[in-house]
Amino acid sequence: MRVVVTGAAGFIGSHVAEAAARQGHEVVAVDAPARSLSPATAAETWATLWSRPGITRVEADLAAVPQEVLGDLLAGADAVVHLAGRPGVRTSWGRGERAVRRDNVLATRRLLASARSARRSPPRVVVASSSSVYGSATGPCHEDQPVHPESPYARSKVEVERLAIAAAGDGVPTVVLRLFSVYGPRQRPDMAFHRFVEAVLDHRPVPVLGDGSQRRAFTEVADVVRATLLATTTALPPGIVINIGHPESVSLGHALSRIERLTGRPVAVERADAARGDVRRTWAATARAADLLGWEAGTSLDAGLAGQLAWHLGRRQARAAGSGPGIDPVPAATLPPGAAARDQELCRDR
Ligand SMILES: NC(=O)c1ccc[n+]([C@@H]2O[C@H](COP(=O)([O-])OP(=O)(O)OC[C@H]3O[C@@H](n4cnc5c(N)ncnc54)[C@H](O)[C@@H]3O)[C@@H](O)[C@H]2O)c1
């Protein structure tokens, strides 16, 4: 299968691209690392993907490249996993609102327009939405309940969902995945666990926004990748919305205590005001994912945090040893023959 992964220089997208390639799919990885919330991190991850067999990278800003370039990108694709966008509630206020509208709404509208006009049958398009569309949960949130977006980011994702559902009405087999607080190796530097672990390893106080009682359905990235790839191949009603979240909703304070236990280091907390738009609780109803995809989040918080901690430690070791950016250093000997040439050719064409 030919799979286009957008946002492939990002946290989740890079894992999806690698996993799809490992499954033997032909992967076209698309990103514009300069559009990332953390351009330096995205550039490092993008460089890492270059060395992965089965992945061809194409640098393209989905909100800006000519529409025919998008059409060429999607030509012959069996599935598109659309993870490109501007994540994050906190940074979506003020000037950030323009960026979420551009990179979430406009980019998705343009991508779906190209999928509609695909020369052969339109590809399956799996679109990333967010648990933030629900607002604060008082019980498990079901896909059919009304949405209550409380930030520009959440509103942009509601709009992204509407675009995907409208495209399904026009014959594009879309699937909307509402992702719940994803964590694990390569987690974005602005996200809570990344900041917590780095602070603990540096013997700095851990910065916590609010009182730490806010709860999240923390979902490990390998589980999210598995759900995403299942969504590219499983027979599903077009335009279906599916929660991808761990069934437990746990407090940040609890997660911190687990990090404390894992690292064996006491955690000193530095409190700051709660962030505007950050909901009190997210909580996933998981029956639909189980029924339609046969998926459930299998990774416990302890196991997932241990994996993320190991990644932070490995990255530090690689940096200390001077073996490159330390995202996931890959020995040069494992570079696939011709990888660079293949990559550059596509980039030059575009
Ligand atoms: N991480 C989470 O917990 C979480 C939860 C819910 C939803 N999501 C959604 O999942 C997706 C991936 O999230 P992530 O955490 O991996 O974010 P990320 O920032 O690590 O990855 C997003 C990538 O999209 C790229 N991008 C942004 N605008 C682009 C554009 N115009 N053209 C091409 N590429 C562009 C960025 O360069 C970046 O590499 C996002 O849509 C996000 O909103 C993430």
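**Ground rules.** I am working from a predicted model, in which local features need pLDDT of at least 70 and side-chain atom pairs count only at pLDDT 80 or more, while totals for chains, interfaces and linings use all residues. I number residues from 1 along each chain as its sequence is written, and my side-chain values use heavy atoms, with hydrogens and water left out.

**Cores.** I began with the nonpolar cores, a core being a set of buried Ala, Val, Leu, Ile, Met, Phe, Trp, Tyr and Cys residues joined through side-chain atoms within 4.5 Å; buried means under 20% relative accessible area, exposed over 50%, and partly exposed in between, with a 1.4 Å probe and protein chains only. The largest core has 38 residues, and I noted V175, L177, L179, I242 and I244 as the members that touch the most others. Helix α1, residues 11-22, gives the most to this core, with seven residues; helices (H or I, at least four residues) and strands (E, at least two) are DSSP runs numbered from the N terminus. There is also a second, separate core of 29 residues, which includes L62, L112, A115 and L163.

I then took L179 by itself and listed its contacts (heavy atoms within 4.5 Å). Apart from neighbours within four places in sequence, L179 is in contact with I12, L83, A128, S129, S130, S131, V224 and I244.

For the backbone I looked at N and O atoms: a backbone N or O atom of F11 lies 2.8 Å from a ligand oxygen, a polar backbone atom of V182 is 2.8 Å from an oxygen of the ligand, and for G10 the corresponding distance is 3.2 Å. The protein covers 97% of the 830 Å² of accessible area that the ligand has on its own, by the Shrake-Rupley method with a 1.4 Å probe.

**T282.** Where does T282 sit? I found T282 in the loop between β13 (269-272) and α9 (287-293), and T282 is buried, at a relative accessible area of 4%. A polar atom of its side chain lies 3.1 Å from the backbone nitrogen of A217. Not counting residues up to four places away in sequence, T282 touches S131, A137, F180, R215, R216, A217 and S249.

**Helix α6.** F193 is in helix α6 (residues 192-201) and is buried, with a relative accessible area of 1%. Leaving aside neighbours within four places, I list its contacts as Y183, Q187, F218, L252, A255, L301, L305 and Q308. V197 also lies in helix α6 and is buried at 2% relative accessible area. With the same exclusion of neighbours within four places in sequence, V197 is in contact with I259, L309 and H312. I also noted that V197 and L313, 116 residues apart in sequence, are 9.6 Å apart from C-alpha to C-alpha.

Terms used: Polar contact = N/O pair within 3.5 Å; in protein donor to acceptor, adjacent residues only side chain to side chain.
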